[in-house]
Amino acid sequence: MTDTSQRAASRRMADRVGSLNRSKIRVMFGLAEREQRETGRDLVRLEVGEPDFGTPEHVIDAAAEAAHDGATHYTENAGIPELREAISDTMARESGVAYAPEQITVTSGGMEALSLAMLAIAGPGDEVVVPTPAWPNYVNQIRIAGATPVTVPLSEESGFDLDPDRVADAIGEDTVAVVLTSPSNPTGRVYDEDAVREVARVANAHDAYVIADEVYGRLTYDEAFRGAASYVDAPENVLTVDSCSKTYAMTGWRLGWFAGPDSVVEAVTSVGESTTACPSSVSQQAALAALTGPQDAVAEMKIAFEERRDFVVERVAEMPVVSCPRPEGAFYAFLDVSDLSGDSFAVAKRLLAEQGVVTAPGEGFGDAGEGYLRLSFANSLDRIEEGLDRIEAFVRAESE
Ligand SMILES: Cc1ncc(COP(=O)(O)O)c(C=O)c1O
C-alpha cells in the first residue's frame, strides 16, 4: 500500500456506518453464490424476495419505445405528471386510498421512498416504532436518519398479527412514526384492520405518522386488500409507500412512490432532489405502461403465487416438528424451526450445507424472528417441490 492509500484506509467512517446491520438474507445469498461457484451443486434458492417472472412484454416495449423517442432526460423531481396521475388512479382503484397526484412523489423503488421518508420526518432524538419480525432495512434507514428504531416483537401465537396494545405501549412522546407492513415480509400476514385502526389512532394522538408499506398490497390471496389510508380515522396521518417491483415483476427497474399529505410530500421530494434528483426517466415510462396497460400478467402471477402458497402450506403441514402460519399475502412462508437444534442462522447454514436449500434465517428480521426460516415461494412449483422434499428429509433426519 502507498502512504496515500494507507492514510485513506485508516480515515474514519461516519458513526452511522458502524450502526448498520448487514441483512442475513444477503449473507445467505453470498454463501449460496460461493457454494454454486465452487462446487457447481444444484441449489434450491428460496431466499430471494423477488418474483421469478419477467416484466410483462408490453411494459418493456413501451419503455424501449419511449427511450427511442427521447425519454432519456431528467424529469421533474417528483416524477412525470402522467405517472403521478396514473399512480393516484391505481391507488384509488386497487387499495381504495385517495391521494391526489400532487400528494405523490415518484422514487427509485419503495426502498428510496422509505429512506427519504425517514430522512424527511426523523432525526436525532426521534423514535420510529417497528413491529417485528420485519423487513430489516427499516432499522438501517432509521439509523441512517440519525433516529432510534424501537422494535416491538409480535406474538407467534397470533401468527404475528399486529398487536395494538404492544405497539401502543411503545409509542411515546419521541415517536415520530410507526411502520406497518401489510402484507408482511417475512410472515405473509395481512394485519387485522381494527388493529391497524387502533395503532393509527394512538399514533395520531402522539402526533406520529403511520408509514404504511404496501408494496405487497396487490398480492393477497384470501381477501381483497384495502390500504390503511382507506379506513383509519385520520387518513391524512398515513404515509403510504408502494412500488412496481413485486406487483409487476419490475424489481430491477427501481420504481416506487411515496404518497402523503402535501407538506410531507414536499419534504420527501426536497430530500430526493439531493439524492437521485428524480427516478429513471425510462423506468417512469415503464411504470406508466404497467399501471395503465392490461393487468392480465398481474392476475396470472397472483394465481401462480396462490397455488404455490397452498402447496407450501399443505407440504409443511405433513412434516414433523416444523410448522408455518398460513401466509395471507406476499410470497413468503415463515417456517417455525425452533425445535431443531441451533439458532435460525445455524439451521439455515446446515440446510444449505446438507441439502443445498437456501433460506433466509428469521433472526435477520429482528429478535421476534429467531427460531424461524423465511422461504420465498417466488420460484417455480417444481423447484419449490424439490426444496420442500429436501427440507422434509433434513427435518426428518434432525428429528430422529
Ligand atoms: C416490505 C418491503 N418493503 C419495501 C421493499 C422495497 O422494494 P422496492 O425498493 O423494490 O420497491 C421490499 C423489498 O423487498 C420489501 O420487502
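## Cavities inside a predicted model

By the rule used here, the count comes to four cavities of 30 Å³ or more. A cavity is a set of points, on a 1 Å grid over the protein atoms alone, where a 1.4 Å probe fits but cannot get out. Its volume is the space filled by probe spheres set on the points, which are joined across faces, edges and corners. Lining residues have an atom within 4 Å of a point.

This is a predicted model, in which local features need pLDDT of at least 70, side-chain atom pairs count only at pLDDT 80 or more, and totals for chains, interfaces and linings use all residues. Residues are numbered from 1 along each chain as its sequence is written, and side-chain values use heavy atoms, without hydrogens and water.

| Cavity | Volume |
|---|---|
| Largest cavity | about 90 Å³ |
| Second largest cavity | about 60 Å³ |

Let's start with the largest cavity. Its lining has 14 residues, and Thr 90, Ser 95, Arg 218, Asp 242 and Trp 257 are the closest to its centre. Helices (H or I, at least four residues) and strands (E, at least two) are DSSP runs, numbered from the N terminus.

Now for the second largest cavity. Among its 14 lining residues, Asn 77, Val 106, Glu 112, Leu 116 and Gly 272 are the closest to the centre. At least two lining residues each come from β2 (104–107), α6 (109–121) and α10 (262–273); α10 gives the most, four.

Note on methods
1 Å grid on protein atoms, 1.4 Å probe; cavity = no way out; pocket = protein on both sides within 12 Å on 5 of 7 lines; lining within 4 Å.
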